[in-house]
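Good morning. I will take a few minutes to go through one protein, from the whole chain down to one of its pockets. Please look at the screen.

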Amino acid sequence: MSNLQFFNPQVTGDGSFTFFSPEFEETFHSHGGAKQEAELKFIEPCLIRSKAQQQDRIRILDVCYGLGYNSAAALTGIGEVNPHCRVELVALELNPRVAQAALAHHLLDLWPAEVVEGLGQLVAVGSCQRGNLEARMLWGDARQSIKGVLDDGFRADAIFLDPFSPPKCPQLWTVEFLGAVAQALAPTGRLATYSCAAAVRGALMEAGLRIGASPRVGRRSPGTVASWAGDLPPLSLQEQEHLLTRAAVPYRDRTGQDSPTIIRQRRQAEQTSSPLEPSSHWKKRWT
C-alpha cells in the first residue's frame, strides 16, 4: 500500500491538515488546528524566535517528528528573525511513511519552499546540509535513538516532545525515557509538549526539570513547558494539586524494551497500592 493510500489528510480548525494513525487510534494533531498547535504549543513556549535573535546557532531535538510541522514551524520562525542563524536539528521518528506521506500530499507547503526542500531531503536521505541547516533523522524506536543523541554530546536549546498520548504510547512517557530526553536539554534550553498529564509532569520533575504551563490551544487543557532554570508560566492551584494524586504515578520502563501493555499494567498496579489521593477526589473538588 502506498503512503498516499495509507494516510488520508484530515482538515483541522485552522485549515491545515493532519493524519489519523490506525496503529495508535489518534490523529497526529488537535482538530483545533495542526499548524496553530505547532506554533503555540512548541515554537512559542521554547522561545524559538527570541533565541534566534540572541544566538548565532540554535540546536533543536524533535522527538516524534511525525509530519514535520514542528520542525517546519521552527525553521520558519528562525529564518524570519535571523536568516543567518545556524540550525542544528536532530529528529527522532519511528515511521518514515508518515513524513513521506506529508510531503507527497504537499501538507508542508504552508511553510516557505526552502524549508520544505530541506526537510524533504532530510526525510529522503536521513540528513541535510543546506544553507544554514544541518539536520539528521534517526529512524526507529526513540528509546534506542536517544542514546545516540546523548553519546554524541548533543544538547538542545529546544526540545519538542510530541509522541501520541500517554495512554496510547506510554513507552515514550516513562521516567526512564523522559529522563534521557532531559539529559539532552542544554542548561538554558526549554522542552515543550502538548501533554499536561500528571504522570508526564511528574516524570519531568523526577528528571530534575522545573515545569510550567503553556496555553490551551485546540485542546481543553494546557500544555507543559520545562527547563532547568525555571522562569516559566506557573501552574494553577488545580494543576499543582493534580500532581499530588494517583494520576501522578509515572510510567516506568527500566529496560527500555517493555511493551505498551506491560508498561500500562505496571503503572496500574503501582496506582492501586499508592497512598496518594485518588484523582477522582481531585476531580470532584474542581468540578
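The accessible surface comes to about 12800 Å², and carbon and sulfur atoms account for 51% of that area. Keep in mind that this is a predicted model, so every value I give is computed from it.

Now the inside. Of the 287 residues in the protein, 55% are buried, meaning that they have under 20% relative accessible area.

What about overall dimensions? Taken along the principal axes, the C-alpha atoms fill a box of roughly 55 × 45 × 40 Å. The radius of gyration is 18 Å, and this agrees with a compact globule, because a globule of 287 residues would have a value near 19 Å.

Next, the fold. The secondary structure comes to 12 helices and 12 strands. Among contacts with a separation of 6 or more, 68% are between residues 24 or more positions apart.

Last, the second largest pocket. Its volume is about 340 Å³. How many residues line the second largest pocket, and which lie nearest its centre? There are 17 in the lining, and nearest the centre are Leu-75, Gly-79, Glu-114, Val-115 and Leu-133.

Which helix gives the most to this lining? That is α4, with five residues. α4 covers 69–81 and α6 covers 113–125, and each of them supplies at least two lining residues. Sorted by class, the lining of this pocket holds eight nonpolar, six polar and three charged residues.

That is the end of my part.

Key: Residues are numbered from 1 along each chain as its sequence is written. This is a predicted model: local features need pLDDT of at least 70, side-chain atom pairs count only at pLDDT 80 or more; totals for chains, interfaces and linings use all residues. Side-chain values use heavy atoms; hydrogens and water are left out. On a 1 Å grid over the protein atoms alone, a cavity is a set of points where a 1.4 Å probe fits but cannot get out, and a pocket is an open set with protein on both sides within 12 Å along at least five of seven lines; lining residues have an atom within 4 Å of a point. Grid points are joined across faces, edges and corners, and a volume is the space filled by probe spheres set on the points. Helices (H or I, at least four residues) and strands (E, at least two) are DSSP runs, numbered from the N terminus. Ala, Val, Leu, Ile, Met, Phe, Trp, Tyr, Cys and Pro count as nonpolar, Asp, Glu, Lys and Arg as charged, and the others, Gly among them, as polar. The radius of gyration is taken over C-alpha atoms; the globule rule is 2.2 Å times the number of residues to the power 0.38. Buried means under 20% relative accessible area, exposed over 50%, partly exposed in between (1.4 Å probe, protein chains only). Contact means heavy atoms within 4.5 Å. Accessible areas come from the Shrake-Rupley method with a 1.4 Å probe; for residues, only the protein chains shown count as cover.
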